[in-house]
Amino acid sequence: MKYIELSEIDSTNAYISERLSSGEITEPTTVFTHSQNKGKGMGQNIWVSDNDKNALFSIALFTEIKTEEIFKVSLATSMAIYEFLKLKGITTKIKWPNDIYYDGKKLGGILIENKLDGNVVKSSVIGVGLNLNQEKFPKWLPNPISLKNITGQDYDAKEFITGISEMVEKKLNEIKDVPFVDLRLDYLLNLYCFGKIMMWKIQGIKDEISGSIVDVKPSGKIVVQAVSGQLCECDIKEIKLIDDF
Ligand code: BTN
């Protein structure tokens with residue numbers, strides 16, 4: 001893994017994407033920064049972080065994955081972060097599809113941008129924002145938390161960035177040829193709210209339903225079973241967890 005350190009940048013994801021397109025980045029590379037002024041989050045969201053407080057990085061990987069199993073990139077990333085934090089004594093949950101949660105609060109987020117060629121993922125930009133030492137967050141953020149909030153300790157961002165980058169690369173290589181059915185249970189068991197009855201708003205269904213997560217598909221779709229027995233297979237745009245606690 002090659003590392004590029006930037007004092008300030010708009011977005012580490014954008015930095016890598018541009019250099020993948022221009023052919024400047026052709027091998028596994030992690031770009032990290034001390035200050036990100038236009039951090040991208042999922043959908044239309046932005047990612048905010050105080051300077052020099054948190055881990056802000058993106059990993060470029062060239063692991064070829066069949067597009068029908070595209071969720072392996074996300075699974076490898078969230079499981080690697082989960083395992084890295086576990087080694088540090090912090091037990092987190094993965095909030096499908098891309099959040100790292102601790103005690104019902106958001107400790108980190110992942111933004112994956114894949115480049116496809118036909119039915120193969122050729123490269124992935126895996127952006128990670130992990131709250132380490134920031135103690136106060138803007139009021140408008142719904143439920144942020146940092147490692148410092150949890151343990152009172154300070155953390156070395158570089159150690160997290162390198163450790164997680166190596167683990168993500170290793171994990172994706174390990175699982176790329178493993179059938180998805182053999183990976184799903186481990187993932188589901190680490191999932192926030194797995195098996196718990198929660199309230200959901202699902203596109204195309206008028207009323208909110210109560211139900212629980214029962215499965216995840218290789219495409220990344222989540223399967224929620226309503227208490228009525230009905231199974232709903234949804235992507236991220238089609239489902240919203242209403243009752244977060
Ligand atoms: C989310 O939870 O919405 C995903 C957040 C991902 C944020 C990280 S910070 C480093 C990398 N660069 C970006 O612009 N975004 C990701």
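Me: Which polar backbone atom is 2.7 Å from an oxygen atom of the ligand, by residue?
Reply: This is a predicted model, in which local features need pLDDT of at least 70, side-chain atom pairs count only at pLDDT 80 or more, and totals for chains, interfaces and linings use all residues. Residues are numbered from 1 along each chain as its sequence is written, and side-chain values use heavy atoms, without hydrogens and water. A polar backbone atom lies 2.7 Å from a ligand oxygen, and it belongs to Met42.

Me: How much of the ligand's accessible area does the protein cover?
Reply: On its own, the ligand has 410 Å² of accessible area (Shrake-Rupley method, 1.4 Å probe). The protein covers 99%.

Me: Which strand gives the largest share of the shell around the ligand?
Reply: Strands here are DSSP runs of E with at least two residues, numbered from the N terminus. Among those supplying at least two shell residues are S5 (55-61) and S9 (105-117). The largest share, four residues, comes from S9.

Me: What is the angle between the planes of Tyr101 and Tyr192?
Reply: The structure holds four aromatic pairs (ring centres within 6.5 Å; stacked under 30 degrees, edge-to-face over 60, the rest tilted). Tyr101 and Tyr192 form a tilted pair, 4.8 Å centre to centre, with planes at 45°.

Me: Are Tyr155 and Phe160 buried or exposed?
Reply: These two rings form an edge-to-face pair, 5.6 Å centre to centre, with 85° between the planes. Buried means under 20% relative accessible area, exposed over 50%, and partly exposed in between (1.4 Å probe, protein chains only). Tyr155 and Phe160 are both buried.

Notes
A polar contact is a pair of N or O atoms within 3.5 Å; within protein, one must be able to donate a hydrogen and the other to accept it, and residues adjacent in sequence count only if both atoms are side-chain atoms. Rings of Phe, Tyr and Trp (its six-membered ring) pair if their centres lie within 6.5 Å; planes under 30 degrees apart count as stacked, over 60 as edge-to-face and the rest as tilted.
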